[in-house]
Amino acid sequence: MASRDRTPRVSVIIPTKDRADHLAQTLRTCAMQEYDNLDVIVSDDGSRDHTRDVVMDAAARDPRIRYATPGDGVGMFENFEFALRQVAPGYVLALGGDDGLMPHGVEGMVDALASSGLPLLAWPTPSFFYAGARSPAGQLILHLDGVRLQHGSREIDSTAFLARQAHDLYYVIDIESPMFYVKGITSTELVDRVRARTPGGYFWSCSTPDGYSGIVLAGEVERFAFSGLPYSLHGVSPSSQGLNYYAKGEKAKKQSEAFFRTAATRPMHAQLASQPYSPLIPLMTADFLLTAQDLPGWPGRVPALDMWRVVERSLGELRDGQFALDRTPRELAILAAIADQHGHGARFRALVAKTRRNRRSVLEGNAFSPQRLYLNADALGVQNVYDAAHAAYTLHRLSAVGSIGALRRAAVNSVRYRSLSMRAGEPFPPESAWTTGTTPPSSTDSGTPSSSS
């Protein structure tokens, strides 16, 4: 194990609520880390299930794990802030209650940070969908770079990254996003720098705490590090909040509405008509960018947002995504208010009138796209995020020897081996060398009874 005196403190915060069974697997991935100077802080927002028992059981076996709670039902925003306040100086990343760390993940993060000399690191996080989350079978999704999985390391220019966010408006698919929720790790010094700019000393300023961290932290530095080797894994279980936007039925609808009520205390930016929180990714990205820009002295440089593009791309997500039809009126009303504020109301309504929803369904089984590899997790024997972390780790290392150059070298070695096996070499020694002065041992010589005895 790494020495506690020679390695930085790494804190993993896990804000959670009512995900005990999946949390047990998440904590297994934390307990397998071979890194001593690690704190795993589970912040429980008043769970009604056996979350506390799961954490206390894991803590009894691994003193690096501990239980904390901000109280009963304070909400996601306050729970994240409370968890972050428990962190000691060093580095920090956050996991959800169904996410996980890769084998040797913490050591890998620390090594990558040390090699880069930078305080902020991102990586391409694989995703694991539990069986029943969006299809009957589980699914493991890995990020591709051409014909192989992501690999290598590089430095990312923050200004270029923020400009890409302003144009693409889709932070969640950007593998270079340095948000320290599952996809990255940051020094606590950068966290404190953001807190110093935020009213009330908070770190987060938006309704949802994930992608905002990637935007605001990128703006605090000129460059940050990227590793093609992932160190954590994003899990999606049937209890994941985001699935309620897509699932049909009254139960999912009521859960979505309950979350919307919780988030209603933190409306989106004034440039987004101060509308209530929306799960549409382009709107969330715009809210993150605009909110970060308002922080006093924030050094990030973001191009002016094209608000029609924000509205149009958000409608595109409603069209192409799998949002349940009965969830769309709320989002259309939000988009209409934003369009009206920026003089695009008539244009927006005309576009809605001629737009038809895409009928595509969830991609199941094995498949690939230019950016991703989709694997049937059930067929791999992967049942939970702990299994998925090991599978993803192994596949990435197999890919490391599966590059074009490595395959070429393997082919050359194979041909050379085969050709040598077909060439005549030295003859065996003559019979005189292996028969002179020797006779086969008898059964009595060996001490073993003969077959006739």
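Biologist: In which sense do strands E2 and E3 pair?

Modeller: Two strands count as paired if DSSP finds at least two bridges between them. Strand E2 (residues 38-44) and strand E3 (residues 65-68) pair in the parallel sense over four bridges, and Val42 stands opposite Tyr67 in E3. Helices (H or I, at least four residues) and strands (E, at least two) are DSSP runs, numbered from the N terminus. The model is predicted: local features need pLDDT of at least 70, side-chain atom pairs count only at pLDDT 80 or more, and totals for chains, interfaces and linings use all residues. Residues are numbered from 1 along each chain as its sequence is written, and side-chain values use heavy atoms, with hydrogens and water left out.

Biologist: Why is helix H3 described as largely enclosed by the rest of the structure?

Modeller: Buried means under 20% relative accessible area, exposed over 50%, partly exposed in between (1.4 Å probe, protein chains only). Helix H3 (residues 76-85) is largely enclosed because seven of its 10 residues are buried; among them are Phe77, Phe80 and Phe82. The buried residues of H3 pack against E2, E3 and helix H6 (188-197), among other elements.

Biologist: At what angle do helices H10 and H12 pack?

Modeller: Two packed helices are described by the angle between their axes and the distance between the axes. Helix H10 (residues 307-320) and helix H12 (residues 345-354) pack at about 20 degrees, with their axes 11 Å apart. Angles under 35 degrees count as roughly parallel, and H10 and H12 are therefore roughly parallel to each other. The contact (heavy atoms within 4.5 Å) involves residues including Trp308 and Leu315 of H10 and Phe348 and Leu351 of H12.

How values were computed:
Axes fitted to C-alpha atoms, helices over the stretch in contact; angles between N-to-C directions. Parallel < 35°, antiparallel > 145°, perpendicular 65-115°, else oblique.
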